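Please open the structure in your viewer and follow the selections below in order. Each stop states what to select and what is to be found there.

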Amino acid sequence: GDSWGIFTFLCAALCNLPALPALNCTEELGAGQSIQKTYDLTRYLEHQLRTLAGTYLNYLGPPFNEPDFNPPRLARVERVPSATVDLDLWRGLTDNARLAANYRAYSRLLCYLRALDGQAATAELRHRLGHFCSSLQGLVLSIAGVMSSLGYPLPVGPAGPSAPPGTAGAPNDFLKKMDDFWLLKELQTWLWRSAKDFNRLKKKVPPAVVTLRLEARGF
Amino acid sequence: DSHIQYERVGADVTMKCGSMDWDAAVTWTANGTDIDESHLNGSYLILKNVDLTQSGQYSCYEGSSWHLKYQTYLRVGTPPKEPVLMCRSNNYPKGFYCSWHLPTPTYIPNSFNISVIHGTREMVCEKDVFPKNRCHIRYVQLFSTVKYKVTLTVTNALGKSSTTLTFDEFAIVKPDPPESVVAKPVPNNPRRLEVSWQNPSSWPDPESFPLKFFLRYRPLILDQWQHVELSDGTSHTITDAYAGKEYIIQVAAKDNDIGTWSDWSVAVHATPWTEEPKHLTTEAQITETTSASTSSFMPPPTTKICDKGAVVGSGAVAVCWTAGLVLAAYGVLFI
């Protein structure tokens with residue numbers, strides 16, 4: 001069993017991450033429970049992000065920290081993954097597609113955030129960003145765990161942008177700040193969307209189904 | 001031919017009698033009543049500092065022939081003040097609606113124009129038949145990071161005014177209050193009340209977009225509410241009610257993750273179950289007959305006065321005892 005091996009590894013990895021809500025690796029996590037825990041993680045991250053975004057936008061200064069700030073979206077070469085989706089399309093997503101979209105998005109967002117962390121000017125920002133990145137990494141692994149336990153393959157391909165932004169990125173300070181602003185906005189929207197994604201998954205995947213699946217595959 | 005003329009409150013109005021010369025002899029009437037010559041400047045009618053009462057039909061007749069030379073309908077009003085605009089999504093994720101009104105009346109007809117811009121796209125807000133000052137929009141995309149900008153312009157003959165709202169998709173989510181709230185006593189449990197309710201019917205998809213609920217309750221005799229937040233389920237049992245006291249109960253709803261709480265539901269009243277005093281026989285469900293509410297001094301032989309829910313608190317017991325004593329007294333008298 002490849003899937004079982006991956007699942008155990010992920011579980012061990014998850015358990016070793018600091019500052020995460022406790023995950024008991026000894027109990028057998030049915031997909032239903034994993035989905036619930038992933039859902040809880042998105043809520044936790046959403047709350048964390050509010051504080052982080054407030055601090056970061058204040059650091060960027062006006063107009064980025066103004067509540068009415070509503071800039072137009074500039075066409076940039078490397079775009080942060082967007083949660084925006086056609087309503088009917090979103091409804092019709094298969095479980096696999098739904099999970100894969102979340103996995104891909106957070107993998108890339110994590111990469112962007114890590115780049116942000118690397119450039120953060122103040123100790124407070126570095127501390128907050130570092131803490132948030134750890135939690136976000138936990139979310140990525142949690143989603144991978146759910147996919148694995150349901151027998152879905154993990155999406156392949158680059159986990160993040162080919163070159164981290166900021167190196168080959170915005171030519172000037174203001175555009176760089178705009179990129180940061182949109183990154184935080186997309187991240188926030190993704191967390192709201194994920195709560196809804198995992199709600200849908202919760203209803204559709206009862207734990208009993210998963211146990212049967214694993215048994216059928218001879219584990 | 002007839003005209004309509006709109007003028008501001010407090011303005012000075014000069015009306016000309018059509019094509020008549022200034023020095024022609026004319027008579028003006030307001031709603032059929034002759035107007036005194038002091039208001040005339042030649043054949044022009046001068047109204048100074050007009051007020052709302054001066055709205056009406058003004059007619060000008062040639063002096064000798066009494067031909068109608070000119071007629072106009074004067075409407076006195078005000079230009080619109082900044083309108084009040086509100087947008088809300090009570091049917092997420094289907095869409096949202098916006099509704100508006102003027103803070104003060106203008107007394108003349110107004111027209112409203114609403115525009116909704118999402119990023120670079122202009123969206124059409126479909127006007128509702130009822131209520132009138134309302135329109136709705138269907139979401140095409142969900143989980144948008146781009147804000148919606150709604151501009152309402154109100155225009156009338158005397159001026160225009162507009163207001164703009166800018167918001168995120170998530171910020172305006174506010175469900176309608178829960179429906180069919182029911183509170184019942186629990187038999188043989190003097191401190192319990194069973195409350196149940198339903199999702200608001202306007203919320204289209206509670207499966208994927210579950211609601212959480214907030215229950216508040218207090219006995220009528222106290223001012224302070226008790227609160228319970230419930231993350232799922234549409235029922236709850238209160239277990240710390242004061243025995244025999246009538247309670248008022250309300251429920252509110254909110255999307256589990258986004259937006260704001262709904263308004264409170266319609267209030268329901270309930271009193272916990274109380275044990276019937278043993279020496280008086282009672283029936284489980286006594287229908288309220290008219291004899292219970294007549295002014296007859298002699299209490300009826302059944303315990304209608306002691307019907308649960310009819311009286312509050314320990315007073316119920318006192319009345320029952322009084323009824324028993326009176327019955328006993330009458331019984332003794334007739335022996």
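**Stop 1: chain B against chain A**

Select chain B and chain A together: the area buried between them is about 2200 Å², of which carbon and sulfur atoms give 53%. Buried area is the accessible area (1.4 Å probe) that two parts lose on being put together, summed over both. The model is a predicted one, in which local features need pLDDT of at least 70 and side-chain atom pairs count only at pLDDT 80 or more, while totals for chains, interfaces and linings use all residues; side-chain values use heavy atoms, with hydrogens and water left out, residues are numbered from 1 along each chain as its sequence is written, and chains are lettered from A and ligands numbered from 1 in the order in which they are written.

Next, select Phe143(B), Thr145(B) and Asp257(B), which supply 34% of the area that chain B buries against chain A, more than any other three residues. In total, 22 residues of chain B are in contact with 25 residues of chain A (contact means heavy atoms within 4.5 Å).

**Stop 2**

A salt bridge is a side-chain nitrogen of Lys or Arg within 4 Å of a carboxyl oxygen of Asp or Glu. How many salt bridges does the rule find across the interface of chain B and chain A? The rule finds six salt bridges there.

**Stop 2: the domains of chain B**

Then select Asn90(B), Tyr92(B) and Pro93(B), which supply 73% of the area that domain 2 of chain B buries against domain 3 of chain B, more than any other three residues. Which number of salt bridges is counted between domain 2 of chain B and domain 3 of chain B? The count is zero.
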